[in-house]
Amino acid sequence: MSAHLALTQLVPFAAEELDKNKVTPGVLGFVVFAALALAVWFLMKSMNRHMGKVSFEEAPDPAAAPTDAKAPSPGK
């Protein structure tokens with residue numbers, strides 16, 4: 001209860017110094033920004049975990065004909 005009383009005492013001091021022409025995001029803006037930053041951090045961790053499971057080796061194409069070692073090169 002004393003914290004509520006202390007905040008009630010400080011509000012009039014803050015109201016006197018408030019500039020009516022200045023717009024700030026306030027606490028709500030900070031909370032939204034922090035929530036977005038935390039969500040991006042969790043998404044990056046998840047992406048790293050999933051990318052670690054991906055195999056980047058390309059499988060050989062079964063439809064491709066095997067190359068002949070005696071075939072002449074196109075440059076000669």
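Predicted model: local features only at pLDDT ≥ 70, side-chain atom pairs only at ≥ 80, totals over all residues.

Analyst: Residues are numbered from 1 along each chain as its sequence is written, and side-chain values use heavy atoms, with hydrogens and water left out.

The structure holds one aromatic pair (rings of Phe, Tyr and Trp, the last by its six-membered ring, with centres within 6.5 Å; planes under 30 degrees apart are stacked, over 60 edge-to-face, the rest tilted). Trp41 and Phe42 form an edge-to-face pair, because their ring planes stand at 65°, with the centres 5.0 Å apart. Trp41 is partly exposed at a relative accessible area of 48%, and Phe42 is partly exposed at 48% (buried means under 20%, exposed over 50%, partly exposed in between, with a 1.4 Å probe and protein chains only).

Val40, Met44, Met47, Met51, Val54 and Phe56 make a nonpolar surface patch of about 600 Å². Such patches join nonpolar side chains (Val, Leu, Ile, Met, Phe, Trp, Tyr) within 5 Å, and like charges within 9 Å, from residues with over 30% relative accessible area and no salt bridge (a side-chain nitrogen of Lys or Arg within 4 Å of a carboxyl oxygen of Asp or Glu). Met44 lies in helix 2, residues 26-52, and is partly exposed at 42% relative accessibility.

The chain has two helices and zero strands (DSSP runs numbered from the N terminus: helices H or I, at least four residues; strands E, at least two). Buried residues make up 0% of its 76 residues.

Definitions and conventions: Areas by Shrake-Rupley, 256 points an atom, 1.4 Å probe, with all protein chains shown as cover.
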